[in-house]
Amino acid sequence: MDEFLPGFWNFAGNFWWLIFPIMGMAGGIAKAWERGSKRRHERRLETLRLKGEIKAAQYAARGQSVPARAAAKEVASGAQLSSKELLERLFAEHDEITARWLDYELDVAKLIAYPAMSDGRQPLTAAFLRAKKTADNLRPSSSSAKVSEQQVSEYLDAVGNAAVAFEIAEKDARRLRNSTFSEAERKKLDRAQKLLKVAVDESATQAERNVAYKRVREELDGLIVLSDQAVEVLEKQVAREITAPAQAAPAHAASAPAQEPVPEPMPVRDRPVPNREEQR
């Protein structure tokens with residue numbers, strides 16, 4: 001100790017100027033911690049607010065006023081609704097959450113615009129998927145199934161948690177958009193979005209749509225994983241028949257003799273190549 005103090009003061013006397021960058025670094029760390037704490041606090045408040053809105057909507061759906069402190073068993077029993085009616089309303093809310101999630105999962109345009117909604121590595125998306133799985137597992141087989149008040153209460157809480165988790169994940173995905181990708185990757189996503197419009201454009205030829213679809217898959221390769229269901233939906237959109245708008249037939253068309261149908265033109269790749277001698 002006797003040797004440390006003289007050595008410390010000797011070091012401080014020779015390198016006193018280091019205190020300024022050290023103070024600057026400490027100040028930066030303190031500010032970063034403060035900003036992080038503020039964001040975490042705001043996110044907790046947003047979570048509580050959204051959860052409160054879901055709970056209030058659930059009480060309103062049952063025609064109840066929101067009590068100051070409601071026990072889970074009282075919520076599950078439903079003073080003005082039978083267990084069957086309560087389950088039916090919870091089923092409807094559960095199905096709506098699932099439909100909103102599938103709207104992102106099956107719509108490739110939305111997947112490109114908001115990739116975080118299909119990325120299980122995103123913390124908020126992963127939290128929603130866990131909450132949804134819990135609600136799915138707790139869902140009774142039917143509204144007429146024999147379930148206890150505790151089971152109904154747990155299912156009600158699970159549906160509420162899934163709804164809140166989805167709202168938060170969706171808001172965060174719309175905020176992030178494609179900001180988590182590099183500049184080169186964002187350009188690929190932009191190209192894929194433009195090509196996708198051609199791939200599903202009914203006014204484009206089938207060949208144009210096929211080429212655009214192939215290029216969309218190439219641009220998304222390694223960036224966004226499309227589910228089998230999303231691929232199936234997209235391929236149906238690309239392959240649907242091109243139909244011209246129906247035109248009103250003239251009044252005398254009914255009395256006119258029927259004409260033989262004009263044969264479809266053969267695709268270019270199937271037409272026989274004329275002999276050069278015949279062309280001469």
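The model is predicted: local features need pLDDT of at least 70, side-chain atom pairs count only at pLDDT 80 or more, and totals for chains, interfaces and linings use all residues. Residues are numbered from 1 along each chain as its sequence is written, and side-chain values use heavy atoms, leaving out hydrogens and water.

**Overall fold**

- The protein chain has eleven helices and zero strands. Helices (H or I, at least four residues) and strands (E, at least two) are DSSP runs, numbered from the N terminus.
- From the N terminus on, the elements read α-α-α-α-α-α-α-α-α-α-α.
- Contact means heavy atoms within 4.5 Å. Among contacts with a separation of 6 or more, 71% join residues 24 or more positions apart.

**Helix H4 against helix H6**

- Helix H4 spans residues 83-106, and helix H6 spans residues 123-138. Their axes come within 12 Å and cross at roughly 140 degrees. Axes are lines fitted to C-alpha atoms, for helices over the stretch in contact, and angles run from 0 to 180 degrees between N-to-C directions.
- That angle makes H4 oblique to H6. Angles under 35 degrees count as roughly parallel, over 145 as roughly antiparallel, 65 to 115 as roughly perpendicular, and the rest as oblique.
- H4 passes H6 in a left-handed crossing. In such a crossing, the near helix is turned anticlockwise from the far one by less than a right angle; clockwise would be right-handed.
- H4 brings His94, Ile97, Thr98 and Trp101 to the contact, and H6 brings Phe128, Leu129, Lys132, Ala135 and Asp136.
- These residues divide into five nonpolar, two polar and two charged. Ala, Val, Leu, Ile, Met, Phe, Trp, Tyr, Cys and Pro count as nonpolar, Asp, Glu, Lys and Arg as charged, and the others, Gly among them, as polar.

**Helix H6 against helix H7**

- Helix H7 covers residues 149-176. H6 and H7 pack at an angle of about 155 degrees, with their axes 8 Å apart.
- That makes H6 roughly antiparallel to H7. This crossing is left-handed.
- On the H6 side, the contact includes Leu124, Phe128 and Ala135. On the H7 side, it includes Tyr155, Phe166 and Asp172.
- By class, the contact of H6 with H7 has 14 nonpolar, three polar and three charged residues.

**Aromatic pairs**

- The structure holds five aromatic pairs. Rings of Phe, Tyr and Trp (its six-membered ring) pair if their centres lie within 6.5 Å; planes under 30 degrees apart count as stacked, over 60 as edge-to-face and the rest as tilted.
- Trp101 and Phe128 form a tilted pair, 6.4 Å centre to centre, with 55 degrees between the planes. Trp101 is in H4 and Phe128 is in H6, 27 residues apart. Both Trp101 and Phe128 are buried.
- Tyr104 and Tyr114 form an edge-to-face pair, 6.2 Å centre to centre, with 75 degrees between the planes. Tyr104 is in H4, while Tyr114 is in the loop between helix H5 (108-113) and H6, ten residues apart. Both Tyr104 and Tyr114 are buried.
- Trp101, Tyr104, Tyr114, Phe128 and Phe166 form one aromatic cluster.

**Arg215**

- Arg215 lies in helix H9, residues 206-220.
- Arg215 counts as partly exposed, at 38% relative accessibility. Partly exposed falls between buried and exposed, and exposed means over 50%.
- Arg215 and Ala192 are 23 residues apart in sequence and 7.4 Å apart in space, C-alpha to C-alpha.

Terms used:
Buried means under 20% relative accessible area, exposed over 50%, partly exposed in between (1.4 Å probe, protein chains only).
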